[in-house]
Amino acid sequence: LEYCGKKLTNKVGETLTGLETIEPLVRSVEETPEPISTEVQGTIPSWINGKLLRNGPGKFEFGNTHYNHWFDGMAMLHQFKIANGQVTYMSRFLNSDAYKNNSEKDRIVMSEFGTLAMADPCKNIFQRFLSRFEMMAPTDNASVSFVKYKGDYFVSTETNFMHKVNPNNLETLEKVDWSKFIAVNGATAHPHYDSDGTTYNMGNSYGSKGAQYNIISVPPEKTDAKDTLQGAKILCSIAPRNKSHPSYYHSFAMSENYVVFIEQPIKMDLLKIVTCKLRGKALSDGIYWDPKQDTVFHLVDKQSGEVSSVKYHTKAISTFHQINAFEEDGFLMLDMCCSEDGQAINNYLIQNLRKSGDALDEVYNTMSRVFPRRFVLPLHVNGESPSDQNLNTRPFSAATCVQISKDKVFCQHEDLHGDDLLEYGGLEFPQINYRRCNTRPYRYFYGCGFRHLVGDSLLKMDLKDKTLKVWYQKGFFPSEPAFVPSPDAVEEDDGLILSVVLCPSQDKGAFLLVLDAKNFEELARAYVPVNMAYGFHGTFEASA
């Protein structure tokens, strides 16, 4: 194994060549609906008992039809159950309407983000012509993450549909429609949780006033056993700068007192989106990057729902995942993974992920890298604030924030890393000790290094001195790390890191990796005797 201190070759601006094909990681796989044993090498600490739940695409074609985009594959749910140093594995396809209808017809009948379903060949020409004028139905293929509302687990994508699932056997229980409870047309797959159990999320609405961004809160308690999203409310609505071209967002940030919405220049052309079926294009055709526009941070008071009149601007950046946000000394620190380019969504076509040789190298080398950054937002800006100086008075902070006008502050970030992160291709899929540190000052975060189109290393970042620790083994591709605190934890990083690692060059080469979160040394692997596809997000549920 090659751990921290090992020098690699991906300097900033340097092109990589000879990338290994990852085609097996985006190939359809079979489900494993009954738990199977894994072969554990090493020692898993006896104190960890629970389930690592993971979500991601696992089927990329039906009959002679195939999906175009990685995000389109049918949701496959995974469970690694850890108890007494042993691990079992099981997986099931989400029994969504999309999956059932596609399976029944043995062709793609439900359009997804990057794939337009073809008209039913059994219809006559006139019926097929008329069907092009119908609105595209939103998919219920909830393949992005596991989320929790009122103690129940749901799987989610970004449409208005989620599915309640049983974490014990991965059974699909109930389809839940956000729009039956509040006036939104979807919600992110990355909600935030307050210590009292209140859940916050964001979703767009489209009505007579044009598009609106909505901050959502869901109460922590059920009113009865069948309760799902009852009591959800819109905390506030924010108007886009251009109501017919709102921003796309995958997630948002939250501090103790504020929800932070990041309005980025990844734009949705609503006219193109509502006419995509008529034009014979997928929904993704209506999303574009506009580097001429600033990225704007909107602050919303969680208690009152009041939107701050002060808007915090920075240059055009894109972000999919935030690391943390916290308030201190009159400032809000906003830490997130950022890229100079917003075209990443369009790069993750199945055909790109399945390339090899020079063609694969070219896809990777034309993509922008993602790095962790901190923005410092002054919370007490008023008309008397000086307009010609840096308002960031925090010692040892390189971030700047300058008041441009009464309601506008321009912010420049500081890097949350040293030059050594450049060698690992940047960082994505960030995770923290969420229960202890979310909305609070913190020291450590974890993520995947990206010297490939998917994660190829695991990283631990130390904010105290901006150093990193690395788990890396050539030819192995770890997924989003999950931090599990030890039961008697004193330090923030007392615990374990769990990651599902895939090896495309080996048949049935997947394993659950267990690292000591403190020193980042490998403790164990639990080898799974089946093939798996590379997934997106998940969560760890500790046993009672």
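A: Start with aromatic pairs: rings of Phe, Tyr and Trp (its six-membered ring) pair if their centres lie within 6.5 Å, and planes under 30 degrees apart count as stacked, over 60 as edge-to-face and the rest as tilted. The structure holds 24 aromatic pairs. This is a predicted model, where local features need pLDDT of at least 70 and side-chain atom pairs count only at pLDDT 80 or more, while totals for chains, interfaces and linings use all residues. Residues are numbered from 1 along each chain as its sequence is written, and side-chain values use heavy atoms, with hydrogens and water left out.

Q: Which geometry do the rings of F326 and Y442 have?

A: A pair of aromatic rings is described by the distance of the centres and the angle of the planes. For F326 and Y442 the centres are 6.2 Å apart and the planes at 85°, so the pair is edge-to-face. F326 is in strand 23 and Y442 in the loop between helix 8 (434–437) and strand 30 (444–449), 116 residues apart; helices (H or I, at least four residues) and strands (E, at least two) are DSSP runs, numbered from the N terminus.

Q: Are F326 and Y442 buried or exposed?

A: Buried means under 20% relative accessible area, exposed over 50%, partly exposed in between (1.4 Å probe, protein chains only). F326 counts as buried at 3%, and Y442 counts as buried at 9%.

Q: What is the geometry of the pair Y446 and F520?

A: Y446 and F520 are stacked, with 6.4 Å centre to centre and 15° between the planes. Y446 lies in strand 30 and F520 in the loop between strand 36 (510–516) and strand 37 (522–528), so the pair ties together parts 74 residues apart in sequence.

Q: How many salt bridges are there?

A: Side chains of opposite charge can pair when their charged atoms come close. A salt bridge is a side-chain nitrogen of Lys or Arg within 4 Å of a carboxyl oxygen of Asp or Glu. A search of the whole structure finds 26. One of them joins E328 and R394 at 3.0 Å, N to O. E328 counts as partly exposed at 28% relative accessibility, whereas R394 counts as buried at 17%.

Q: Where does K460 take part in contacts?

A: K460 meets D493 in a salt bridge of 2.7 Å, N to O. K460 also lies over the face of Y444, 4.3 Å from the ring centre; a charge sits over a ring if NZ of Lys or CZ of Arg is within 6 Å of the ring centre and within 35 degrees of the ring normal. K460 is buried, with a relative accessible area of 4%.
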